[in-house]
Amino acid sequence: MASQDSAILSEQPATPFHDIDHYLAIPRVSGLALSPDGKRLVTTVATLNSKGTEYVTALWELDPAGEKHARRITRSAKGEAGAAFASTGDLYFTSARPDPESPDDEPVSALWQLPADGGEARVVLSRAGGISHVMSARDTGATFVTASVLAGSPDEDADEARRKSRKDNKVSAILHSGYPVRYWDADLGPDQPRIFAVEPGEGKERGKPATVDVAAPLKLRNLTPDAAGLLRNADSVVSPDGRTIYTSFDKPLAKADSRSVLVAVDVATATHRVLLDREGMSYFAGPVSPDNRTLVVLSESDSTPLEAPQVRLHLLDVSAPGDPEANLRPLARDWDRWAIKAAWLPDGSALLVTADDDGASPVFRITVPASAGEARVTRVTRDAAAYTDVVVSPDGRSAYALRSSYEFPPEAVRIELATGDVTRLQAPAERPHIQGSLERLDTTAADGTRVPAYLALPDGASAQEPAPLLLWIHGGPLGSWNAWTWRWNPWLLVAKGYAVLLPDPALSTGYGQSFIQRGWGEWGKAPFTDLMEITDAVVERPDIDAERTAAMGGSFGGYMANWVAGQTDRFGAIVTHASLWALDQFGPTTDASQYWLKEMTAEMAIANSPHLHVEKISTPMLVIHGDKDYRVPIGEGLRLWYELLSKSQLAADSDGRTPHRFLYYPDENHWILQPQHAKVWYGVVEHFLAKNVLGSDLPLPPDLGLQPDGGRP
């Protein structure tokens, strides 16, 4: 037995990042929900199924005090998500698992309830079109859901019948009369989202014996029957008293443009009124104050070719009479950060928000001043971590959040609001061990601007054994390398001996509006030169091998990788994923053309388009694209691939051979979501880098069915 145990231990990799199968098996935590009494904290954990082909989610309960072990409270092959506590302490969630009481029905995403005092979860509401999101009023038993209906359905019975007809007749056609027609990887229509109140239905059937747990059925009341497609991608919140839902409506404008207006939906009458509607501005609802009087509003100005968008926080007095615009006041107007996801303190004295800030995304407290006062912004958490899903305890002394950084994936923590001290709660899984080190560094651009970055180094990197360098360029471009990522995880490549550089060039968030503006409308200038200057600084280090380097990026990062390829031959290889190639083609074909076409004029798009420099590309490129990517349509990848083979300096020769490669996924979108496809992704990337950067040969993933070098037979 001892020898068998030793054999098993010897097969274990040094860390999960040394073996892709172990990496993919790391449990993934997302979302937090806190019970009204503050005694129960629930999160969602995704784990691989037994075949390793997809992730399945389950709900886990955590101890807010941090004393008890985490425990799993749901389990099914279909998984559970969207946890929300009712004021009664009952836990609602959505799941497509079969209903034990209706085993012959086709499973759909239904509304389930787990009683506060324990017991089995049960279906409380199911409908043919499924349920996508649950909201509960904090102070009352009111519950609301978001669900989709076919646009012309007068009621639920008609909606079910029409869905059945489309399915039985195998009809997938969609007739559009407006824009947009798709979003990320989803075809929009004929479904349209609506907000429903969940209310008691007809009583129990009389005359038949039953157990005492039999409850009256629930029914849905449509609160937004005339919303058409205006609720697509809306942010909605419910007031603590359950009387009003505040949400954004996507208002259509001339020439296929649109912007978001803020509306209030009256629950009692199922009517709505527009609160904020201003030209050139979009509004989104934040949480409602504990006294139901004040709504947090986030505004985003329309971008122009010369001006980056500005994101601001406001307070709207929804109890005051008159024009809501007159009752809107800015909050922390001089704070130069983009705040997201606010949560009120129970006494209404302040808000908790998160915001990108110099390679982190801390929790901040913003005081809510009197009408004539000025808000004060204070950083609560002090570590270089990113916080999300912030919820506040009923006594206002603590907050709970998910925290991550490049040193660990998301984990639930308790934050002491008076001191900023953070305690990791007992978790559903251990934090994965990492071999290597993480450094924060920077350089100075030609215009004097600081260009910051993270550098992940393998153990053993030294002047005697310098590490090859991978420059990773983040997407967005309005984003930052500041949180754990499952898609672009540096430690997988660090485990292979590479150093990974993660810079925040011009256009990155967390450094103020002027840092974004530096690169606005000129992607090929400051963002590019920032990347080259930070790379120059890093390759001067004795523990970095300046002769073995590669550049990689996805989405905007893929655009920048393409631009880099046409501007310099300093890298041994370039990996470009879901990338923009021809900006004149991309603009009208992306799923959000109305946004993109405001960002650059036609002349600016041409000036910044990588495709015009294809003849200068002399670096082997690995192109990766998914056919279901609607944000950066497959046409970008197809055109890039053809033009590399026909016009670059490494074009296909007379035998059709080229060092370029194209990894194509017919059924993936902007991201690679299927675990086995992610395994192939990393396998092909490692093979390509080894061949062109290290001068070595690694086998390709066998599921590709190709020769080891990936070439033609």
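The largest cavity in this predicted model has a volume of about 140 Å³. Its lining is made up of 15 residues, and Val29, Pro409, Pro410, Ala429 and Glu430 are those that lie nearest the centre of the cavity. Two strands, β1 (28-34) and β29 (408-416), each supply at least two residues of this lining. The largest share, 3 residues, comes from β29. By class, 10 of the lining residues of the largest cavity are nonpolar and 5 are charged, while no polar residue takes part.

In total, the structure holds 3 cavities of 30 Å³ or more. The second largest cavity has a volume of about 50 Å³. Part of the lining of the second largest cavity comes from Asp336, Arg337, Trp338 and Asp356. The lining also includes Thr509, Gly510, Gly512, Gln513 and Ile516. These residues divide into 2 nonpolar, 4 polar and 3 charged.

Several elements of secondary structure each supply at least two residues of the lining. These are the strands β6 (91-95), β7 (110-114), β8 (122-125), β13 (191-200) and β14 (218-222), together with the helix α3 (156-168). The largest share of the lining of the second largest pocket is that of α3, with 8 residues. Sorted by class, this lining has 21 nonpolar, 19 charged and 6 polar residues.

The loop between α3 and β11 (182-183) contains Pro180, and Lys170 is found in the loop between α3 and β11 as well. Pro180 is joined to Tyr179 by a cis peptide bond, for which omega is about 5 degrees. For Lys170, phi is near 55 degrees, which is a positive value in a residue other than glycine. The relative accessibility of Lys170 is 74%, so the residue counts as exposed.

A cis peptide bond is also present from Gly476 to Pro477, with omega near 0 degrees. Pro477 has its place in the loop between β33 (467-473) and α4 (490-494). A positive phi, of about 65 degrees, is also found at Asn233, although Asn233 is not a glycine. The loop that holds Asn233 runs between β14 and β15 (236-238); β14 is also one of the strands that supply at least two residues of the lining of the second largest pocket.

Ser303 is located in the loop between β20 (294-301) and β21 (311-317). This serine counts as buried because its relative accessibility is 6%, and the cut-off for a buried residue is under 20%. When neighbours within four places in sequence are left aside, Ser303 is in contact with Pro309, Trp520, Lys598 and Glu599. In terms of accessibility, then, Ser303 is buried at 6%, whereas Lys170 is exposed at 74%.

How values were computed
Residues are numbered from 1 along each chain as its sequence is written. This is a predicted model: local features need pLDDT of at least 70, side-chain atom pairs count only at pLDDT 80 or more; totals for chains, interfaces and linings use all residues. Side-chain values use heavy atoms; hydrogens and water are left out. Helices (H or I, at least four residues) and strands (E, at least two) are DSSP runs, numbered from the N terminus. Buried means under 20% relative accessible area, exposed over 50%, partly exposed in between (1.4 Å probe, protein chains only). Contact means heavy atoms within 4.5 Å. Ala, Val, Leu, Ile, Met, Phe, Trp, Tyr, Cys and Pro count as nonpolar, Asp, Glu, Lys and Arg as charged, and the others, Gly among them, as polar. On a 1 Å grid over the protein atoms alone, a cavity is a set of points where a 1.4 Å probe fits but cannot get out, and a pocket is an open set with protein on both sides within 12 Å along at least five of seven lines; lining residues have an atom within 4 Å of a point. Grid points are joined across faces, edges and corners, and a volume is the space filled by probe spheres set on the points.
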